[in-house]
Amino acid sequence: QVQLVESGGGSVQAGGSLRLSCAASGRIFSVNDMAWYRQAPGKQREMVASISYGGITNYRNSVKGRFTITRDNNKNTVYLDMHSLEPEDTAVYYCNGALTLGIDSGTFYYWGQGTQVTVSS
């Protein structure tokens, strides 16, 4: 079964740091673009950061300079290092990955189950 499994969420005080991980597992031919999204209560899900297979990154403005997205292609894993966390960063964080399941297969987008990040003031 193909899935994305996240870990690393938790509760921190403002100014603290957390590292999120997301590992793709199952019968996967390749892992292409990957991204982190978040959804706060009562708000729409929003893209936080994305990274291509070659390492090109993109961030939403509010996290630039504080968050860093990286990936380990050998482990099919993407990371999100979050520093200088603010209460406004409180949300459920979701991993999203574009996965190709076979050499003749198309590319499909998968979501992780989400991990809670809570930042207290």
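Q13 touches V119 and S120, leaving aside residues up to four places away in sequence; contact means heavy atoms within 4.5 Å. This is a predicted model, in which local features need pLDDT of at least 70 and side-chain atom pairs count only at pLDDT 80 or more, while totals for chains, interfaces and linings use all residues. Residues are numbered from 1 along each chain as its sequence is written, and side-chain values use heavy atoms, with hydrogens and water left out.

**Residue Q13**
- Q13 is found in strand β2, residues 10-13; strands (E, at least two residues) and helices (H or I, at least four) are DSSP runs, numbered from the N terminus.
- The relative accessible area of Q13 is 58%, so Q13 is exposed. The classes are buried for under 20% relative accessible area, exposed for over 50%, and partly exposed in between, with a 1.4 Å probe and protein chains only.
- From C-alpha to C-alpha, Q13 and L85 are 7.7 Å apart in space, although 72 residues apart in sequence.

**The sheet**
- Four strands form an open sheet in the order β1-β3-β8-β7, with antiparallel pairing. Two strands pair if DSSP finds at least two bridges between them.
- The edges are β1 (3-7) and β7 (67-72); each has a single partner strand, so one side of each is left without a neighbour in the sheet.
- On average, neighbouring strands of this sheet are turned by 15 degrees against each other, direction ignored. Axes are lines fitted to C-alpha atoms, for helices over the stretch in contact, and angles run from 0 to 180 degrees between N-to-C directions.
- Five bridges link β1 to strand β3 (residues 18-25) in the antiparallel sense. V5 stands opposite A23 in β3.

**The disulfide**
- The structure holds one disulfide, a term for a pair of cysteine sulfur atoms within 2.5 Å.
- This disulfide joins C22 to C95, with an S to S distance of 2.1 Å.
- C22 lies in strand β3 and C95 in strand β9 (residues 91-100), so the pair ties together parts that are 73 residues apart in sequence.
- The torsion about the S-S bond of C22 and C95 is about -80 degrees, so the disulfide is left-handed.
- Both C22 and C95 are buried.

**Positive phi in loops**
- N76, in the loop between β7 and β8 (77-82), has a phi near 50 degrees, a positive value in a residue other than glycine. Its relative accessibility is 25%, so N76 counts as partly exposed.
- S84 sits in the loop between β8 and β9. Its phi is near 50 degrees, again positive in a residue other than glycine. With a relative accessible area of 41%, S84 is partly exposed.
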